[in-house]
Amino acid sequence: MAMLTSARKAAIAFGCGVLLMFPAFTAVASDQLLEDFQYYDLPTTVSQNVAHALMEENAAIVIDVRSPEEYAEGHIAGAYNFPVETIAKHAADFQVVKDTNTPVLVYCRTGIRAASAVSALMDMDIKHLMNMGGVSSWEYGLTTEVPTTPFADAVKAVKPYKAQ
């Protein structure tokens, strides 16, 4: 059996450290990521990997609560823009979310405004709210294309994830 040199040991340790520090490097299918996932009536925080898996399954509506200018510069594909300071003014728009009990992923630039928006949506008795943090660390790419499907129709098209 060959002996490991100090340099090889260091390289192996470094490689293992990188894998632990950056788990997104490990490819995992959406259904595996969501294996133990469940929705909660109270707001929760979800990792961006789980949020992305939910989006791939069309299992939540995605809300960007940044300013229209920030949204126009680039946003997550399929996200609808409701700036945090206007959430209460859009109560009528969010009624369909409440009526259909649709899961909601909320994000901003860093996660702080998303937390405020989640609180405002909670005041409207909306359940299954998930703060997915900030787009500044989003690893799955951004777009400038605005969704063409009306918000209410997109909400109705969501199929909440159910583990098999």
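Colleague: Hello! What does Arg 113 count as, at 25% relative accessibility?

Modeller: Partly exposed. The scale runs from buried (under 20% relative accessible area) to exposed (over 50%), with partly exposed in between, using a 1.4 Å probe and protein chains only. This is a predicted model, where local features need pLDDT of at least 70 and side-chain atom pairs pLDDT 80 or more, while totals for chains, interfaces and linings use all residues. Residues are numbered from 1 along each chain as its sequence is written, and side-chain values use heavy atoms, without hydrogens or water.

Colleague: Which residue meets Arg 113 in a salt bridge?

Modeller: A salt bridge is a side-chain nitrogen of Lys or Arg within 4 Å of a carboxyl oxygen of Asp or Glu. Here the partner of Arg 113 is Glu 70, at 2.8 Å from N to O. Glu 70 sits in helix α4 (residues 68-73) and Arg 113 in helix α6, 43 residues apart, so the pair links distant parts of the chain. Glu 70 counts as buried, because its relative accessibility is 18%.

Colleague: How many salt bridges does the structure hold?

Modeller: Three. Another joins the side chains of Arg 66 and Asp 64, again at 2.8 Å from N to O, and both of these residues are buried. Asp 125 also forms one with Lys 98, their closest N and O atoms being 3.9 Å apart. Asp 125 is in the loop between α6 and β5 (129-134) and Lys 98 is in helix α5, so this pair ties together parts 27 residues apart in sequence.

Colleague: How many helices and strands are in the protein?

Modeller: Seven helices and five strands. These are DSSP runs numbered from the N terminus: helices are H or I with at least four residues, strands E with at least two.

Colleague: What is Phe 94 in contact with, leaving aside neighbours within four places in sequence?

Modeller: Contact means heavy atoms within 4.5 Å. The partners of Phe 94 include Ile 63, Phe 82, Leu 121 and Phe 151.
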